[in-house]
2 protein chains.
Amino acid sequence: MKEIEKLYDRIIQRVNINLRELEFDVNPLVDKLVPTQQMTKFYAFYGITPHHPLNLVFKHANLSGSYFLGKVRVTSSLLYKSDIRGDELKKNGDLFQYQEFNIPVDQDEEITIDDSFLIKTLVHNFSHDPETLETFFIRDTVSTHYANIHGSPSDGCYLGPFSTVDLTTMRDCVIGAYSYVQAGEISHLKIEPGTVWVRKPGDFNFMYRYPTGQLNTYIYFPGGSPPQGVFMDFVEDRKEAFQRVFNVVNIENSIPVPPNTSLDRFAVIKPKTKIGENVLVAQRAFLQNSVLGRGANAQENCYIINSKLEGNNVTAHGAKIIEADMGKNVFVGFNSFLRGRPNARLTIGQDSIIMPHTIIDTRNPLSIPSGHLVWGLILEAKDLETNSMSLKAFSKIDTRVCRGSMLFEGSGGSFVSSFQERIHHILEANGAFYDGNLNRGHAQRNQNISFNTIQPYPKGDKEGLYPTIIIQP
Amino acid sequence: MKEIEKLYDRIIQRVNINLRELEFDVNPLVDKLVPTQQMTKFYAFYGITPHHPLNLVFKHANLSGSYFLGKVRVTSSLLYKSDIRGDELKKNGDLFQYQEFNIPVDQDEEITIDDSFLIKTLVHNFSHDPETLETFFIRDTVSTHYANIHGSPSDGCYLGPFSTVDLTTMRDCVIGAYSYVQAGEISHLKIEPGTVWVRKPGDFNFMYRYPTGQLNTYIYFPGGSPPQGVFMDFVEDRKEAFQRVFNVVNIENSIPVPPNTSLDRFAVIKPKTKIGENVLVAQRAFLQNSVLGRGANAQENCYIINSKLEGNNVTAHGAKIIEADMGKNVFVGFNSFLRGRPNARLTIGQDSIIMPHTIIDTRNPLSIPSGHLVWGLILEAKDLETNSMSLKAFSKIDTRVCRGSMLFEGSGGSFVSSFQERIHHILEANGAFYDGNLNRGHAQRNQNISFNTIQPYPKGDKEGLYPTIIIQP
């Protein structure tokens, strides 16, 4: 038995031990999901820049097709086509504010991934857990296609496809397909597929659940084979376009790039795409026949097709925007799927917030007024009655509101304002507000990345495993 | 001043201190020879295989366009498009025989490069110095275009373009352009350009000197600008063909490769080329419209064009063969330049030995009988009278022979037999004799190499310097 297979068994066993209380077995879900020969086929790569701290350590791991930036340590793990972005980690000397605590950070934070199996997963941001300031850990965890682990340390968890855990520490949890969780700290929970849960203890609690039948047409993962549904078909149909960008060593920008804009060389840019200043286009983003106005960003695994974004638009990790016109400052959350049709455009007014994991899939023209909050599944205009509200109205909630499958308790004002603050922070971090002097962000810092590829042992017992690799300043 | 420039100054100063006695200044020779921006332009790469020990350590160095295999440590050095092949190093447990000594090797040998500047240089084989069994050191050394440092530890030396130092330990020496030195151990010597010197103390001494005027048409390096002459024009004319192979991540073999043959993915193969079994084609080899018979090899920087090699032919590092027909077992030494013309083929009979640094450049058909030894400059048939001898006749020399610019003293028999033994060893090491079971060599071992690219800091003070990189099993 090859070492890489032993490693797989070791990881699965460790995850199952953590999930024994929930009587959850990850093996039938991920067994043979990524054939071993696939794992030896693709190179991994890492970025070196003058702006990011550097400390990469890889030991006893397969990293096939994965990307690394900043401070990352991977041990005894399988990372398949995953993105581990350590460019928003805390730095020595930072002060971490948490409620009434001001906690000094006295060493650079590091992402540490141990005994885990991540498939096409994005790991980004920093640990929001005041208990583990300097380590953003991912341990004994299995994560599947297009899951996002965002500022969320994880120990002993399973994440289903297209799920997102955001600013939340997880212990021994199962996150169902396409569920979004932002809940501070959770433990020994099983989150059903299609759950959207945003909680600030003592302040507010937002809960939405997709109707199972309809969710399955978009994403369905019974195990035994790759995930199925509209989401998977959509990305599979566009897979080939990425092959070219991954097969050449140096690639020229296919379109002119204004100053202070960063277009990643591992992004796909199809014809008739225009990008403005202070725009950030991350690796694995897909842009086609679209316009990104000043300060817009297109994050990992997002797709923007036949659409126009006015400016300062956030298109979060994994979000998809097709045949749509978005006003200024429209925010589209993680893994949202917004699809208009050529003769039925989707229009979203400025300052609107499309919550993470929202599906808008319309066959008739659909228009969302400016300043609205939108969530859940919207197939036609009338769904907006139960799945949207003006930010103004939502801010007035002070007790409890129930709309369709959405339940909100607590202060709507606090919910809206913390959302808006966060959007502002995201734009700031990405360099949308850069004025040539202040507010430099990723869009400016990522312009001078040099990429480096690494590959595993090509044959023998260690086939597929990478040698120990240490890269430091 | 950028760190890479400081590093350059540091190296030049250290080399000049070593060469002060010879009143030799390397600075005017190499100053601006490789512009700093060139040094940041190309990636370096290293191979990982199941058959080679792995231990790569890079610190405070630029490695632009260079290749590494096996056990190599590079510190405070500039390596530009150089090949550092640590695949013939001694291994822990080996027994190193030297005269009457049997010296046990009790750790893996390592190539260590410190405070040196190597330009398009090949470093290969192992340290033949019984005093430094486990380190093949290159220290305080500057080496220029297409020099070969072959099994030759070097401390405080300068190597001119197309020079070769072979199985020789050098201390504080200057090796002139296109000189070949195989002399065991040398110190505080200045070797004039175009010297071919093969010495076995107490056994034999072979000395040839190229006529300066004619040598200059082939290679001329006064300093201040890159080397000039036929050799440089020849490689520059074929430079573009290499760009493609270096610009793609994965490349398919352009011709069918028989079992037990290794065709490096960084070699250039032009149409109508055929290669047989047990053939080794190394990186940076150039093959065009040629046939390589069973067991032939094409080593780094060699060019084989419109030629036929019957089999078990050695084409050593940097050798060039154009419009020629070579019989079985013909050996062509380092950096030799053998050029026939379309209507004036060059024919070399089987078992002949073309000594390293031989130039045969004929405009009329020229035929060298089998079993001959050939050296020096041959422009027409009559030059063979002074520049060749049958191996049989040469073996009979027991005192002293002077022919044209060649002087031989000692035992011709011992000279010929040690040459033949070495050729046999080279074929063996390269896998020419592999029978599907025994005598596995590079041709078989190099089939499963995975290549990995690394790049320097793209901007800032460290621009052009690589981060510290450590790669171990």
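This is a predicted model: local features need pLDDT of at least 70, side-chain atom pairs count only at pLDDT 80 or more; totals for chains, interfaces and linings use all residues.
Side chains of opposite charge can pair when their charged atoms come close.

In chain A, A:Arg73 and A:Glu110 form a salt bridge whose closest N and O atoms are 3.5 Å apart. Because A:Arg73 belongs to strand S3 (residues 67–75) and A:Glu110 to strand S8 (residues 110–114) of chain A, the pair ties together parts that are 37 residues apart in sequence.

In chain B, a salt bridge of 2.8 Å, N to O, joins the side chains of B:Arg345 and B:Glu323. B:Arg345 sits in the loop between strand S37 (337–339) and S38 of chain B, and B:Glu323 in the loop between strand S34 (320–322) and strand S35 (324–326) of chain B, so this pair ties together parts that are 22 residues apart in sequence. B:Arg345 is partly exposed, with a relative accessible area of 26%, while B:Glu323 is buried at 10% relative accessibility.

A further salt bridge of chain B links B:Lys382 to B:Asp383, with 3.5 Å between the closest N and O atoms. B:Lys382 counts as exposed, because its relative accessibility is 51% and the threshold for that class is over 50%. B:Asp383, by contrast, has a relative accessible area of 14% and is buried. Salt bridges can also share partners, and in this way A:Arg10, A:Arg14, A:Asp115 and A:Asp140 are joined into one network.

The relation between the two chains comes next.

The size of an interface is often given as the accessible area lost when the parts come together. Chain B and chain A bury about 2,600 Å² between them, and 55% of this lies on carbon and sulfur atoms. B:Val249, B:Gln455 and B:Pro458 supply 19% of the area that chain B buries against chain A, more than any other three residues. In terms of contacts, 31 residues of chain B touch 31 residues of chain A.

Which kinds of polar pairing occur between the chains? The count of salt bridges between chain B and chain A is 0, but 12 residue pairs are in polar contact across the interface, both residues being at pLDDT 80 or more. Strand S1 (44–48), helix H6 (239–247), strand S47 (450–454) and strand S48 (468–472) of chain B each contribute at least two residues to the side that touches chain A. By class, that side of chain B has 19 nonpolar, 10 polar and 2 charged residues.

Two buried polar residues of chain B illustrate local packing. B:Ser352 lies in the loop between strand S38 (346–348) and strand S39 (353–354) of chain B, and it counts as buried because its relative accessibility is 0%. A polar atom of the B:Ser352 side chain lies 3.0 Å from the backbone oxygen of B:Pro369. Beyond its neighbours within four places in sequence, B:Ser352 is in contact with residues including B:Phe331, B:Ile368 and B:His372.

B:Asn297 is part of strand S30 (residues 297–298) of chain B and is buried, with 1% relative accessibility. Its side chain makes a polar contact of 3.3 Å with the side chain of B:Gln299. Leaving aside neighbours within four places in sequence, the contacts of B:Asn297 include B:Leu280, B:Asn313 and B:Ile426.

Most residues other than glycine have a negative phi. B:Asp351, although not a glycine, has a positive phi of about 65°. B:Asp351 lies in the loop between S38 and S39 of chain B and is partly exposed at 33% relative accessibility. In chain A, the phi of A:Glu23 is likewise positive, near 50°. A:Glu23 is found in the loop between helix H1 (3–18) and helix H2 (27–30) of chain A, where it is exposed, with a relative accessible area of 74%.

Terms used:
Residues are numbered from 1 along each chain as its sequence is written. Chains are lettered from A and ligands numbered from 1 in the order in which they are written. Side-chain values use heavy atoms; hydrogens and water are left out. Helices (H or I, at least four residues) and strands (E, at least two) are DSSP runs, numbered from the N terminus. Buried means under 20% relative accessible area, exposed over 50%, partly exposed in between (1.4 Å probe, protein chains only). A polar contact is a pair of N or O atoms within 3.5 Å; within protein, one must be able to donate a hydrogen and the other to accept it, and residues adjacent in sequence count only if both atoms are side-chain atoms. Contact means heavy atoms within 4.5 Å. Buried area is the accessible area (1.4 Å probe) that two parts lose on being put together, summed over both. A salt bridge is a side-chain nitrogen of Lys or Arg within 4 Å of a carboxyl oxygen of Asp or Glu. Ala, Val, Leu, Ile, Met, Phe, Trp, Tyr, Cys and Pro count as nonpolar, Asp, Glu, Lys and Arg as charged, and the others, Gly among them, as polar.
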